[in-house]
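Please work through the following exercises with the sequence and the coordinates open beside you. Each task sentence is followed by a solution that goes step by step.

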Amino acid sequence: MDKKGSLLFSAPPSEDPIVDLWLQQQYTEPETHRGFGPLTAEPLSVSTKTREEGISLALRQGPFYKRFKVMFPEEIWDTCPERIKTTIRNNLAFLSSMELGVTFNLPHIQYDTPLPELKSSFRELLFNLLLFDAHADKQKTEEYLRRFANSTFSFTESSLPKIEALDTRERSVNTMTFGKESLVSLGLAQEVGLKPQLVTVSEPDWNVIYRNEHFRTFDYRHKEQLIQQFEAEFDMKIHRVHNGLGDLRFYGHWDIDETELGWASQLTEYFLLLLPFNSFYSARYMIFGHEQSCNESFISRDGFRYNPYFDQSSEWIQHLNSMLHTVSNGSVQATSLVQPLHEIAVSKILYQRYPHYAQYQMSCHVDNEGAENNRWCNSCPKCALCYIFMSALGFDPSSVGLKDMLSLKNKKFYPVFSNYKSLQQREKNESHEDEQLFAFLLAADRGIEGDLITLFKETLYPEAKAREQELRETYFRVHEQRNIPTSLWRKIRPILEEEMGR
């Protein structure tokens, strides 16, 4: 809707009552949806319920009350064992709300669920991501850690559900985000015989007045269109989980300063939300799209080592496996089939081996007005990165809706032109732009034209060319795998090595 309440776009019709219910919550009048304001530094109560369509979570603090819903496909949720539902509810309640203690300096959070089995793992996740949050927010790390240490939690005395193994086989449940990693993971899973079932976790699109500005996102809208087109072309079902907990993450809803706080739980929530699908399809594997690039760590201005993508790292996949072992009695395993590859190498496989899936790629955050009618806003660093990757690897960016991103006005979206330092200049563990440097080198050598290619040739090309062999060995190499089962790795490794050799 616009500020007068007129529909700016309409959702496709649906016969799914869960989708219809979700759509009703998506298109809200921004004049009446100004967010829900900040919490105060007082105790918070979190209550949960298992419902017919999924799970609800409610926050209460004095007069403040807000409820959020997670909704599953009817056939999946109806047949999900009650012990699995209870496990999801208990752990999701804590995981999705624990970071509020840091964001609002809460002294205590009280839950109406028993102490979750995975509490310690979730706190380790939050600790690691707070190191990045403080650095990104330009705040003192010690302050975020102080709030983290000073938040306490209480739970009921009720007993935990009995853990039993699921009856699983060599099948997979794959996250489907339409990013390059999920598309390549789909292709690989099919090739090695895992009969992948696809699940998209839909988060709310935001349509709010934030500090007198209209803030909108379009992720749900574009993914719904892609899902329908994809299903029609490939005759594959893409299941949807509607995750209303996403509204907890947006600083605009809380009317606080822009911050990275709030995002620690997002990707880890997904393993809990996928578990009913592993149960329904008797699938042994839960496949994520975490690549090699997510393993790099740096030193913050406060002297703390941090990984901005810790929740997508190989180490965290190992934690997910440990958690899944606990809640499924070892019958479900998490993995990432693209973990041994850097981001540009994943792109290379997508455009070379799976071009039929590449046409569905969506990697933009679609959080500005330029994305209202296009799944690429064409005015952000993510669009710029994908454009240079596609150009470097011989894939036509215009075929997926990307416009020219190599004009001088787009220079600000390419950190290689502002942040790149030679090997001799950079400090140990300092962030770098080597992968983007390599992409520009490949594009220039391929004959791609544009103002920024000309600028690259005039400034960075000599060093990039001198480092070409080193860059190739780094970014087009199949790195050590850390979480792919041996039985799968024997089949996947030859595919990856074949594509990297092309």
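The model is predicted, so local features need pLDDT of at least 70 and side-chain atom pairs count only at pLDDT 80 or more, while totals for chains, interfaces and linings use all residues. Residues are numbered from 1 along each chain as its sequence is written, and side-chain values use heavy atoms, with hydrogens and water left out.

**Exercise 1. The cavities**

Determine how many cavities of 30 Å³ or more there are, and describe the lining of the largest cavity.

Step 1. On a 1 Å grid over the protein atoms alone, a cavity is a set of points where a 1.4 Å probe fits but cannot get out, and lining residues have an atom within 4 Å of a point. Grid points are joined across faces, edges and corners, and a volume is the space filled by probe spheres set on the points.

Step 2. With this rule, three cavities of 30 Å³ or more are counted, and the largest holds about 120 Å³. Its lining has 17 residues, of which Leu 100, Leu 248, Arg 249, Leu 261 and Gly 262 are the closest to its centre.

Step 3. Helices (H or I, at least four residues) and strands (E, at least two) are DSSP runs, numbered from the N terminus. Helix 3 (82-97), helix 4 (100-103) and helix 9 (251-254) each contribute at least two residues to the lining of the largest cavity.

Step 4. By class, the lining divides into nine nonpolar, five polar and three charged residues, where Ala, Val, Leu, Ile, Met, Phe, Trp, Tyr, Cys and Pro count as nonpolar, Asp, Glu, Lys and Arg as charged, and the others, Gly among them, as polar.

**Exercise 2. The buried side of a helix**

Find which residues of helix 6 are buried, and state what covers them.

Step 1. Buried means under 20% relative accessible area, exposed over 50%, and partly exposed in between (1.4 Å probe, protein chains only). In helix 6 (residues 141-150), the residues that count as buried are Thr 141, Tyr 144, Leu 145, Arg 147 and Phe 148.

Step 2. These residues lie on the same side of helix 6, because they cover an arc of only 155° around the axis; the arc is that of the directions from the helix axis to the C-beta atoms. An α-helix has 3.6 residues a turn, so residues three or four places apart point the same way.

Step 3. Helix 4 and helix 5 (119-137) are included in what covers the buried residues of helix 6, where contact means heavy atoms within 4.5 Å.

**Exercise 3. Two polar side chains**

Identify the polar partner of the side chain of His 479 and that of the side chain of Thr 200.

Step 1. A polar contact is a pair of N or O atoms within 3.5 Å; within protein, one must be able to donate a hydrogen and the other to accept it, and residues adjacent in sequence count only if both atoms are side-chain atoms.

Step 2. His 479 lies in the loop between helix 19 (468-475) and helix 20 (486-500) and is buried, with a relative accessible area of 10%. Its side chain makes a polar contact with the side chain of Arg 477 at 3.3 Å.

Step 3. Thr 200 lies in strand 7 (residues 197-202) and is buried at 1% relative accessible area. The side chain of Thr 200 reaches the backbone oxygen of Met 176 at 2.7 Å.

Notes: On a 1 Å grid over the protein atoms alone, a cavity is a set of points where a 1.4 Å probe fits but cannot get out, and a pocket is an open set with protein on both sides within 12 Å along at least five of seven lines; lining residues have an atom within 4 Å of a point.
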